[in-house]
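Q: Please take a close look at one residue in this entry. Then place it in its wider setting.

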Amino acid sequence: MSGRPNGAWFGCLPRCEAYLPCGAGRHIVRWEAGELRLLSHPDPEAELVLAALGGERTRCLEVAQTWGRHAADLSVLTIGPRGPADEIAVSWDDVDAAAQAAQGGGQARPLPPAGGPGRRARPMSPAMARAVARIQQDTQANEQAARRRNDLLSLLALGYGFQVRLIGQVAEAHAGRPAEAIEKVRPPLVAAITARLAPLAEEWLGLDPDQVVVTLHRGPGWGSAELTGRGGQRRLRVSLPAGWLARVWAAGLALTGRHLVVAVARAGWPDARVLALRAPGTEPVLLDVHATAPGPAGAGLDVRPAAGDAPHWKHEP
């Protein structure tokens, strides 16, 4: 009943798969047990070595490396979906178009010699040296911004199932940090929990999302939840740990059987035991829950996990 983490954060999440264009065909990428796996590439390490020596870098490998680069990126919590109703649809055509647009700007031209054509270049003055350094720094920043944009578009193109699992991975990466470290990232974590809890509060209690106030819980146990005020002054004040995003929300458990789930007591798929609130201010109870996950609505090689494929949990009395 303590609400302390029990098992791996992804224990209540089934695997999910997507096909993506890679080389001359389409390859399957799978998320399973907290890892991204390239089923069409039996030896990705060897392919990375060949790519470093000038060989072709495949899209599957690029996606896997991109996933690793952003596995603790807090901006993922801002960009990713707030729930099934907030599905973000990005196609691989969108990703390719963005990459081509970035390349269309061309490379910055080198500065001409200070002495002009046919003349010996004079040493740059300190002011000129600073200007050149600033131009180079700005060019590098633009390239980094374009790469980051393309990275995030690629991750979104994997589909809803991968998006929520990446949010879970990012949240869990910060959940176990020391108090001093987590305090530095508290604002984005609070904003991320609020953005995903507020729509649930509307369904759970009929509250306007603006009436939800979230704080980050750092002590023992799961946290707290209380309803204060009346009428327009009502506020649902909830304190939850950062790991709630990973262990509860990402698994689709947040609102189950008209209960707000605040922790996972025993992780598992498709059966789990959770700690949940029937109403604010009440003592949490243990619920046994069972999940079903419909298969992808698409067919053939166009399958991507959509919001409709998210696990659906039911309380089993």
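In which helix does Q163 lie?

A: Q163 lies in helix α6, which covers residues 160–175. Helices (H or I, at least four residues) and strands (E, at least two) are DSSP runs, numbered from the N terminus. This is a predicted model: local features need pLDDT of at least 70, side-chain atom pairs count only at pLDDT 80 or more, and totals for chains, interfaces and linings use all residues. Residues are numbered from 1 along each chain as its sequence is written, and side-chain values use heavy atoms, with hydrogens and water left out.

Is Q163 buried or exposed? Q163 counts as buried because its relative accessible area is 5%, and buried means under 20%, exposed over 50%, partly exposed in between (1.4 Å probe, protein chains only). Contact here means heavy atoms within 4.5 Å.

Now the residue before it. F162 belongs to the largest nonpolar core, which has 79 residues. Such a core is a set of buried Ala, Val, Leu, Ile, Met, Phe, Trp, Tyr and Cys residues joined through side-chain atoms within 4.5 Å. F162, L197, W244 and L253 touch the most other members. Helix α8 (residues 186–205) gives this core its largest share, 9 residues. Leaving out residues up to four places away in sequence, F162 touches C16, E17, A18, V29, R30, W31, L36, W67 and P305.

W31 stands opposite L36 in β3. The sheet is open and has 3 strands, in the order β1-β2-β3, with antiparallel pairing. Its edge strands are β1 (16–22) and β3 (35–38), and each pairs on one side only. Neighbouring strands are turned by 30° against each other on average, direction ignored. Axes are lines fitted to C-alpha atoms, for helices over the stretch in contact, and angles run from 0 to 180 degrees between N-to-C directions. Strand β2 (residues 25–32) is joined to β3 by 4 bridges, and the two run antiparallel. Two strands pair if DSSP finds at least two bridges between them. A33 sits in the loop between β2 and β3. Its phi is near 55°, a positive value in a residue other than glycine. A33 is partly exposed, at 39% relative accessibility.

R258 lies in the loop between β7 (255–256) and β8, and it is partly exposed, with a relative accessible area of 41%.

The next loop, between β8 (259–266) and β9 (271–277), holds W269. P270 lies in the loop between β8 and β9 too. The peptide bond from W269 to P270 is cis, with omega near 10°. W269 is partly exposed, at a relative accessible area of 33%. Beyond residues up to four places away in sequence, W269 touches G11, C12, P14, A291, T292, A293, P311 and W313. W269 and P311 are 42 residues apart along the chain, with their C-alpha atoms separated by 9.9 Å.

One more site is T228, in strand β5 (residues 224–228). T228 is partly exposed, at 23% relative accessibility. Its side chain makes a polar contact of 3.3 Å with the side chain of R237. R237 is also on the list of residues T228 touches, with Q233, R234 and R235, again not counting residues up to four places away in sequence. T228 and P280 are 52 residues apart in sequence and 9.6 Å apart in space, C-alpha to C-alpha.

Finally, the whole chain. It has 9 helices and 11 strands. Of its 317 residues, 40% are buried. Among contacts with a separation of 6 or more, 61% join residues 24 or more positions apart. The chain exposes about 17,000 Å², and carbon and sulfur atoms supply 53% of that area. Accessible areas come from the Shrake-Rupley method with a 1.4 Å probe; for residues, only the protein chains shown count as cover.

Definitions and conventions. Polar contact = N/O pair within 3.5 Å; in protein donor to acceptor, adjacent residues only side chain to side chain.
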